[in-house]
Amino acid sequence: MGLSTGRAVVLAVVVCALALTLAMPLRTYFSQRAELQQVLAERENLENDVRNLELEKSQLNEPARIAAAARTRLFWVMPGETPYTVQLPGDVAKSDREEEANKQSAGPWYRDLWESAVQPQPTDEPETPPLPALAPAPAPAAEGGPVG
């Protein structure tokens, strides 16, 4: 197949032109295919969510389920029943101070030190109301009237 140098250069230019012409549409095609797969997966997830929500909606329309939810969430009792609540020692809610003491620091030690120095410390004393403003005493009147 005796190709001369000139013919080889022309052939190389034609091949490069074809490659450049097809590169952009192929890239677009593959990116759209990937996007289509992503959208189809998202659609399938949303359809599953809709099915689950419709099932939950149908279950919530049952009177027994409504009564059970009212009993647990709203602490309702039926007529003739005696309501009671069991409080276990570990179930007591912690106070704000205990929560603050248990809070883990999110930063380095020097930030915690700086914040403890800058922020005012809570006190157990009740706040005292500010003193009322006093009106100044009137100036004494000059005896003998105006000077003129």
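Predicted model: local features only at pLDDT ≥ 70, side-chain atom pairs only at ≥ 80, totals over all residues.
At 44% relative accessibility, Tyr29 counts as partly exposed.

The structure holds 1 aromatic pair. In this pair, the ring centres of Tyr29 and Phe30 lie 5.3 Å apart and their planes stand at 65 degrees, so the arrangement is edge-to-face. The reasoning rests on a cut-off: planes over 60 degrees apart count as edge-to-face. Tyr29 and Phe30 belong, moreover, to a nonpolar patch on the surface, together with Leu22 and Leu26. The accessible area of these four residues together is about 430 Å².

Which helix holds Phe30? The residue lies in helix α1, which covers residues 5–60. The UniProt record, in an unreviewed entry, places the feature "coiled-coil region" at residues 29–63. In the model, this span is 94% helix and 0% strand, and its end C-alpha atoms lie 54 Å apart.

The chain as a whole may now be considered. It has 4 helices and 0 strands, and its pattern along the sequence reads α-α-α-α. What percentage of its 148 residues count as buried? The value is 1%. The chain exposes about 14900 Å², and carbon and sulfur atoms supply 62% of this area.

Charged side chains provide the next topic. Side chains of opposite charge can pair when their charged atoms come close. The structure holds 2 salt bridges. One of them joins Arg43 to Glu47, with the closest N and O atoms 3.1 Å apart. Both residues lie in helix α1, at a separation of 4 residues, or about one turn of the helix. An α-helix has 3.6 residues a turn, so residues three or four places apart point the same way. Arg43 counts as exposed, at 51% relative accessibility, whereas Glu47, at 36%, counts as partly exposed.

A salt bridge also links Glu81 with Arg71, and here the closest N and O atoms are 2.8 Å apart. Glu81 lies in the loop between α2 and α3, while Arg71 lies in helix α2, so this pair ties together parts that are 10 residues apart in sequence. Glu81 is partly exposed, with a relative accessible area of 35%. Arg71 is likewise partly exposed, with a relative accessible area of 35%.

Helix α2 itself has 12 residues. From its first C-alpha to its last it reaches 16 Å, close to the 16 Å expected at 1.5 Å a residue. Which residue follows α2? It is Phe75, whose phi is positive, near 60 degrees. Most residues other than glycine have a negative phi. Phe75 has its positive value although it is not a glycine. Its place is the loop between α2, residues 63–74, and α3, residues 96–102. Phe75 is exposed, with a relative accessible area of 65%.

How values were computed: Residues numbered from 1 in each chain as written. Heavy atoms only, no water. Helix = DSSP H or I, 4+ residues; strand = E, 2+ residues; numbered from the N terminus. Buried < 20%, exposed > 50% of the residue type's maximum accessible area, 1.4 Å probe, protein only. Areas by Shrake-Rupley, 256 points an atom, 1.4 Å probe, with all protein chains shown as cover. Patch = residues over 30% accessible without salt bridge, like charges linked within 9 Å, V, L, I, M, F, W, Y side chains within 5 Å. Salt bridge = Lys/Arg side-chain N within 4 Å of Asp/Glu carboxyl O. UniProt positions renumbered as here; feature names shortened; annotations may be inferred. Expected span 1.5 Å × (residues − 1). Phe/Tyr/Trp six-rings, centres within 6.5 Å; stacked < 30°, edge-to-face > 60°.
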